[in-house]
Amino acid sequence: PVTLARQLDRLAASGKPEDAYAAYQLLDDCITFLQEGRLPALEFELGREMTAPEKAAQRQLCAGLTQRQRDERLGYLATAAKAGVPGAATLFLSEGPFGDRSALRNRPDDPLVQAWKQQAIAQLTAQADDAELTSVSTLMMAYLRDGEVVRKDAPQAYGYLLALRMVYDDILAPGVSNPYQDEYWHWLQDELSPAQQAAATAKAQAIAAKFRQHAGRPAHG
């Protein structure tokens, strides 16, 4: 079997941001596996628990994980997030500054933490504007309440909510209820002035149009 170091070298050598993301995920899987003895995300995907041979192969792959490799994983993730690899901006946010989420609480005024926050939100916003749905929902949830990275911003949250509603209206099968429809979210709309509602709608329409463009769907009027 190909060693972890060999796989990482191969991914790093390609220079592709998608491969940097794959390198991050490889290392992140090893960290999770060494902590838990299983990969919950993989089991969820497979719809079953890992078999003994699968666990043995994962254990063998991850046995040589070094501290340096653990530290390098955040660099791989930053490369992927900066290049707009889908999903990377959301993971960049969830890792916290330099892999330390407690820094948001313990050192909120540290210029490095402030710069990290700005980078995390800028990356997510660029991805959301390009209709990457993980980033759209991450920002919607972030702006719903005061948090460690952003303050509550109801107009922003509502714009992203509407974008998700429009996209899901497009992609859900007929008769499937849209989780983002107004009956669940009218309280958020009620916090906005008519001008803010109009601006949120315009922003949502732009994101939904971009999604249709990526998906090769006809534009709606």
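The legends below describe close-up views of a predicted model. Residues are numbered from 1 along each chain as its sequence is written, and side-chain values use heavy atoms, with hydrogens and water left out. Local features need pLDDT of at least 70 and side-chain atom pairs count only at pLDDT 80 or more, whereas totals for chains, interfaces and linings use all residues.

**View 1. The disulfide between Cys 30 and Cys 62.** The structure holds one disulfide, defined as a pair of cysteine sulfur atoms within 2.5 Å. The S to S distance of Cys 30 and Cys 62 is 2.1 Å. The pair links distant parts of the chain, 32 residues apart: Cys 30 belongs to helix H2 (residues 17–36) and Cys 62 to helix H4 (residues 52–62). Helices (H or I, at least four residues) and strands (E, at least two) are DSSP runs, numbered from the N terminus. The link is left-handed, with -80 degrees about the S-S bond. Cys 30 has a relative accessible area of 0% and is buried; Cys 62, with a relative accessible area of 0%, is buried. Buried means under 20% relative accessible area, exposed over 50%, and partly exposed in between (1.4 Å probe, protein chains only).

**View 2. The largest pocket, with a lining drawn in part from H2.** The volume of the largest pocket is about 270 Å³. On a 1 Å grid over the protein atoms alone, a pocket is an open set of points where a 1.4 Å probe fits, with protein on both sides within 12 Å along at least five of seven lines; lining residues have an atom within 4 Å of a point. Grid points are joined across faces, edges and corners, and a volume is the space filled by probe spheres set on the points. H2 contributes five residues, the largest share of the lining, and H2 and helix H3 (40–46) each supply at least two. Among the lining residues are Tyr 24, Gln 25, Asp 28, Thr 32, Pro 40, Glu 45 and Leu 91. The lining divides into six nonpolar, two polar and three charged residues. Ala, Val, Leu, Ile, Met, Phe, Trp, Tyr, Cys and Pro count as nonpolar, Asp, Glu, Lys and Arg as charged, and the others, Gly among them, as polar.

**View 3. The second largest pocket, with lining residues from helix H1 (4–14) and H4.** The second largest pocket has a volume of about 160 Å³. Its lining includes Pro 1, Val 2, Thr 3, Leu 4, Ala 57, Gln 60, Leu 61, Gly 64 and Gln 69. H1 and H4 each supply at least two residues of this lining. By class, the lining residues are seven nonpolar, five polar and no charged.

**View 4. Salt bridges of Arg 38 with Glu 36 and with Glu 43.** The structure holds 12 salt bridges, each defined by a side-chain nitrogen of Lys or Arg within 4 Å of a carboxyl oxygen of Asp or Glu. From N to O, the contact of Glu 36 and Arg 38 spans 3.9 Å, and that of Arg 38 and Glu 43 spans 2.9 Å. Arg 38 is partly exposed at a relative accessible area of 33%, as is Glu 36 at 45%. Glu 43 is buried, at 8%.

**View 5. The salt bridge of Arg 68 and Glu 72, with a further network at Asp 28, Arg 73 and Glu 95.** The closest N and O atoms of Arg 68 and Glu 72 are 3.1 Å apart. Both residues lie in helix H5 (residues 67–82), four residues apart, so about one helical turn separates them. Arg 68 is exposed, with 61% relative accessible area, while Glu 72 is partly exposed at 28%. Asp 28, Arg 73 and Glu 95 are linked in a network of salt bridges. Asp 28 also lines the largest pocket.

**View 6. The aromatic pair of Tyr 168 and Tyr 180.** The count comes to four aromatic pairs. Rings of Phe, Tyr and Trp (its six-membered ring) pair if their centres lie within 6.5 Å; planes under 30 degrees apart count as stacked, over 60 as edge-to-face and the rest as tilted. The ring centres of Tyr 168 and Tyr 180 are 5.3 Å apart and the planes lie at 55 degrees, so the pair is tilted. Tyr 168 lies in helix H10 (residues 154–171) and Tyr 180 in the loop between H10 and helix H11 (182–189), so the pair ties together parts that are 12 residues apart in sequence. Tyr 168 is partly exposed, at 24% relative accessible area, whereas Tyr 180 is buried, at 15%.
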